[in-house]
Structures are given as C-alpha cells and as structure tokens.
Amino acid sequence: MTGTGTGIAQAATGGITVRLGPADQGPGMKLVGFNTGHFMPGGNTAAWLEYSNVNAVRFFASLSIWCPDAAFDDGAGVETIDDFDARVEQLRRDSREFIDWAALRELWSTHIYETTNHYNLDYELTQLHRLGITPIMQAAELAWNSPWSGLWLMWQKHYAFTYHVASRWGVERFNFNNEPDHPNSDHDFVDQQIYIRGLQIASDAIRAAIADVNREHRTRLRAIVQAPVITHASQTSGPFHMDADPDADPRDDEHGWGEISLRNLRTDYHGREVDHDLFDVFDTHLYNKTAETYTYELAMMDEKMRSYTPTGVALPVVYSEFNRRNTGAFETSGDDLNTPLVFSELAEIWGAALTGGAEGMICFKFDNTVRANGIPYGTGHYYVENAGDYNIRGVKKAAESNRMFAGRFAAAAGRSVVGTTVSSDGPAVRPNVIVAARDAGIRRTSIWLPHHSAEAAHPVTLDLSAGRVRPKGAAIFVQEVSATHSGDVIMLGSLPDNGKLTVDQPAGCVWMITVLEAGRSPDVRRARRAFGVSPSGPSPSVVVGRAGADVDPAVGYLSFETSHSRPRAALLELDGAATDGAPLTFTVYALIKTDWDDDVTWDSAPYLDQEHVRADSVGTVAFPAGQLTAAAEAGTVRLDVTSVLAKARNGRIGFLLIRERAHDEDTADNGRRAEFTAARLRTWA
C-alpha cells in the first residue's frame, strides 16, 4: 500500500496477524461520548460535536442554579415521611400548586450557566436533540443531609428538572450525585445511609416525572438512572471502591460505595422491597490507568454485581468520566493529548472497553475550558476560545483518534462488532484492544488497530480470508493518527484476491483500516474550481499557509459536482506537498455554498474571517471535515470526507483549506505553506 498511489507495497513477513472471527458480538457500543464544556448560543460547538461522531454527552446541571429554592414549595409542615408522601401525591395531581413553572421556564431558556462550563440549558439540549445525541444529565445538589422538609424540596427539584427535559427533548438518562466517595462530598453524605436515602428519593422523583410525561404526552420514555457514579471501582490493591476501603475516609470502612448501592437496588425510601431497580446502570469513573485496568475492572464489576444485587443480575456499566490522565496528572506529567504515548493508550482503552462489554464510555472532556486555578483542562480534546462565543478553535490528536473510533464502533443500525483473533510472531500484542466492526448494508469492514508508542514498528498481516469479507475487487484504505498525521488517509489500495495483506505499522500511532467490498467502480471527479487566495492576490494552485515574516497567509478553495451525496465512502485527494520539506497539517471545512465570485480576492474570500484567518459561518455554511497533512515530498494526500458529503446541495460541495491558529501558543507553522496543483473527489457508490 502507498500514500502516493493506488498500488500495494508489501511489507516484510512477521509481526502480528489479525483475523476476523465467525461470530458477531453485538451492535457496537451504545454510548460513545464526551463530557461537554462550553456550549453557547451563537457558537460553533454543535458543529464540532457533530464532527466528533459521538452519540452521547454528559453535562453538569447544578440544581441550585437551574432549580432555585424560590420556585418550589418550601416544605412547611413536612415533618414526617407520611407528610412527604402526601405532598408527592398532591404534586402529581397538579404540580402548579407547588412549582413556579413560568419562573423556571424563563430561567431555563435565558440563563447562562457561569461556572467552569458556560452554556444555556434549553439551547444545548435543542442542539443535542437536533444532532441525535443522547444527553446524560448530571443534575444534582448536595442537600441530602436534611429533614423531611428539605428532602421534599430536593424531590421537587428532581421532578421538575426531569419533567422539563423529558417532555421537551425525550431525555431519559440521569446521573445521581457525582462521586459520593470523594472527600468533597462528605459534608453532605456524612454516611452511606444518607447517600442511599438521597438516591432512593431522587430515583423516585425521576421515575415519577418520566411516568407523568408518558401519561400526559403519550410518549414511551424510559427512566434510566445511573449510579453510584463513584471515583473508581478498583485500586491496584483490590476492588475498592466497589468493596470496603480501609483508607482515611471512614464512611466506607464497612461497605464499599458500589456494594452498598447494589445491596439496596430494590429498596425504596420507606425501606420496603420493590419490584424494580433503584438504578439501571452501574456508573463509575477512572483516570490514570491503562487498558489492562479496564479489562480487569469490567470483569470484576460484573462478578461483584451478580453477587451483590438482590436479583443476581449484573447491570450495564458506563464510565461517565475517563481519560488516560486526570486534570492534575496532566499538569505535572509533561505530556498531553497530542503525545503518542497518551493517545495510543487512550485508543487501547476504547478497544478494551468495547471488548469488555462496557455499555458506554464518556470521555472527560470535550474542550479545554479554564479551571479555577487559571490553567486550561489538560483533559480537553478540543481547543476552545475562552471568551465571546466560546468557539472551538482546533483539534488535538486524541480527539481525532476518538473520532475514528466513534464513527465506526458506536452502535448503529446494520452494524455488528466482529470477533478478532490476534497472533504474534515476536512483537508484544494486546489482543483485546484490536477490534473490528461490519456495516452490512454498505459492505464495509473496519479494523481498529492501536499501536503503543513504547513498542517498535512491526508488520501487520490482515487475514480476511475466512469468509466475512469478499476480497475480490475490494478497496482498502488506512487512516492514521500519529505524531505526523491527524486522521487523514495514509494508504489506499486494493485487497488481494486471497484476502491477505501485510503492511508496516509504525509505533505510537492509531490506525483505522477500512475495507470496502466491490461495487461499482469508484467515481473520480476533478474540481470544478480550485484556487488559492492571499492578501497579495489569487493563485491558480491551491495554497494553504500561515502568515510569517514577509509571508502572507493563504487559504485554498475547491468545489466539486457530486454524482451522489451519500456514497459508501468518499476521499478528497490533493496532489502536492509542503513547500519547505517538512509535513504541514491544516484543517479542511466542507462548504455547502459554492456560488463564489469569479474573481475572489482576499477581502471577498467567502466564509473567512480575514483578520484572524479563521473559518467563518462554522455550523451554518462551513462544517469541519478533518485535518489533512501535506507531505514533505510531492505526492497525493487524502482525507475521508464521507460524512460531510451528505451536506452537498444541488449536487455540489465545496471545501476551504486553512491553517488556523488553535490557541495563543500555536506559532510553530508561522510562515509555512503547502501547495497543491490538482484536486479530486473519489467516491464509492
């Protein structure tokens, strides 16, 4: 295989061999997502979230802000559990007696949440609903160490919030309080009994609200409560915090947070046994661990749940927060999400979690918002401008790796995870991190192949001869995230008729290998228009570059006529190179309008913020398509643009090629350029 042509260059024998097994292993991971940060009206966050390919997000919604005390019945006269029950019954008959809905709806539609993450509740949920992304609401308030009057107030808040988001957007998933095992929560959860009572009451309010929405709106929503949302289920020394943990925190000396929650799975706040689960998903967090820990934890939690639940049944598991390092560790580690060690190990975690049966993995976090100490979150995958509309300004390597995984392994209609077997002829190998999926309707097979940065480069043999793939006439291409590449296509070729192919994989990279079975011959179209523009004038070649000493910035434009807007696959191909002998990575935006002037100048260049040299109208006309790396030597470079081709209008699609500045310190490419002499759009129907 080669990145500069369509032939196959065979690698040496040896290395590892990946084979597809005969059995399907499910439809993919149900929840693949991020914890979101800023999400402001007028900003471009929705466009970049769509680009990320995720199907779920989690975000924090403090009930002390979104459900202020003044909007609810103050609980006067609620002194016993019987008083509490009576108020619940009255509210469910007519909530207007207790809840100031008008004040709450005004707040939800206009207020900007002004803690670490700036967002408006209704706006964010409207955008998530439009994109088909499942929200997981971390809606809570630490006020459970209260008399019955205070517990009544908390019940009302959970009910009102749930009713609003469920009735308007069909939201079903809710976390109970975040990390009760964290020392910061011990002022409220002074013991586990208070925590369990709070979980019981919040679960009751959430389920009541969903039931009332279903009755009044004729919907069929399901209340899905995720708990106990603990900091971690295990440590190196044992299954803490699943079991009792003999550390400095005495609250879990007798029972672990996981254990106490599971043992009360079918007990309500009256202390009575009920016929339904208190929560539906076992939720935990994990940072600073490699794939091996996730493999161990998932198996351990499954075993413990079967032992601790009254039903003997294990719940689905969601990691609603995880990352290779936590925020504090990134501030001292000397590496970041652009470091091959970090993003290759994150890629292994994704594979191990899928193999281990996790229902969901919600990475913390989407963008690098600023912490209270003034330092941006090192866990943030996308660079954000922490002012104005809080727009996304760039993408880290780990984000591109996550995007590749989400696009092929999130659960989807017609998709199945395919078992793999991996053998090694010398190199170290982690078989459970290499996974495959098949999309039967479009005859596409995808293979996830992370390669740890601490291991040497080695050959990889794909043996697809066992009947899952029809090799004759199949096309194969490889996307790579590495120190040089950011998810662009580095190899394109044909699968040999025997279904076996060997290629060299470098260390410290993540590969997504795509096999497209034979169909109609690919449609290859040259650009209708292709040009570059800079303050010094237009260029007949496509030029991309940053300003530098005595060098103007330059951006490139392309437009194509397309034969079909929803192909099985589509690659944008450019012939050229960086002009200084070193690779140059830039961003590609798809443009849904291509009615440009015949004589485009820098001042009239469409969808461009000329002052800051940034794409304009992102999310309305311009949509992120990916990052492309111009090679050091002349050749062909490629980008998978399948998803954005669906945005073509009237059979036309355009592209803007631009090297944007992702953050204030992003100056390494100042004065550098890439130049391309030809552009094509290759599509497979």
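## The largest cavity

Strand S16 (residues 444–451) gives the most to the lining of the largest cavity, namely 3 residues. Strands (E, at least two residues) and helices (H or I, at least four) are DSSP runs numbered from the N terminus. A cavity here is a set of points, on a 1 Å grid over the protein atoms alone, where a 1.4 Å probe fits but cannot get out, and its lining residues have an atom within 4 Å of a point.

Please keep in mind that this is a predicted model: local features need pLDDT of at least 70, side-chain atom pairs count only at pLDDT 80 or more, and totals for chains, interfaces and linings use all residues. Residues are numbered from 1 along each chain as its sequence is written, and side-chain values use heavy atoms, with hydrogens and water left out.

The structure holds 3 cavities of 30 Å³ or more. The volume of the largest is about 100 Å³, taken as the space filled by probe spheres set on points joined across faces, edges and corners. Its lining counts 14 residues, and Ala428, Val429, Arg430, Pro450 and Glu455 are the closest to the centre. By class, this lining has 7 nonpolar, 4 polar and 3 charged residues (Ala, Val, Leu, Ile, Met, Phe, Trp, Tyr, Cys and Pro are nonpolar; Asp, Glu, Lys and Arg charged; the others, Gly among them, polar).

## The second largest cavity

The second largest cavity has about 40 Å³ of space. Around it stand Met137, Ala139, His158, Phe161, Thr162, Phe174, Asn175 and Ile206, of which 5 are nonpolar, 3 polar and none charged.

Strand S6 (134–140), helix H6 (148–169) and strand S7 (173–175) each bring at least two residues to this lining. H6 has the largest share, with 3 residues.

## Helix H9

Several H9 residues are buried, among them Tyr294, Leu298, Met301, Met305 and Tyr308 (under 20% relative accessible area with a 1.4 Å probe, protein chains only; exposed is over 50%, partly exposed in between). Their cover includes helix H8 (257–263), strands S9 (281–287), S10 (317–323) and S11 (360–364), and helix H11 (340–356).

## Strand S26 and its partners

Strand S26 (residues 555–561) has 6 of its 7 residues buried, so the rest of the structure largely encloses it. Strand S23 (residues 529–534) runs antiparallel to S26, joined by 5 bridges; pairing takes at least two DSSP bridges. One of these bridges links Arg529 with Ser559 of S26.

S26 also pairs with strand S33 (residues 652–658), again antiparallel, over 6 bridges. There, Phe560 has Ile653 as its bridge partner in S33.

## Two residues to look at

Lys397 sits in helix H12 (residues 397–409) and counts as buried because its relative accessibility is 11%. Its C-alpha atom is 8.0 Å from that of His381, which is 16 residues away in sequence. Beyond four places in sequence, Lys397 touches residues including Leu337, Phe343, Val481, Thr484 and His485, where contact means heavy atoms within 4.5 Å.

Arg266 lies in the loop between H8 and S9, and is partly exposed at 23% relative accessible area. It stands 132 residues along the chain from Ala398, with 40 Å between their C-alpha atoms. Among the residues Arg266 touches, not counting those up to four places away in sequence, are Arg272, Glu273, Asp275, Asp277 and Pro310.

How values were computed: 1 Å grid on protein atoms, 1.4 Å probe; cavity = no way out; pocket = protein on both sides within 12 Å on 5 of 7 lines; lining within 4 Å.
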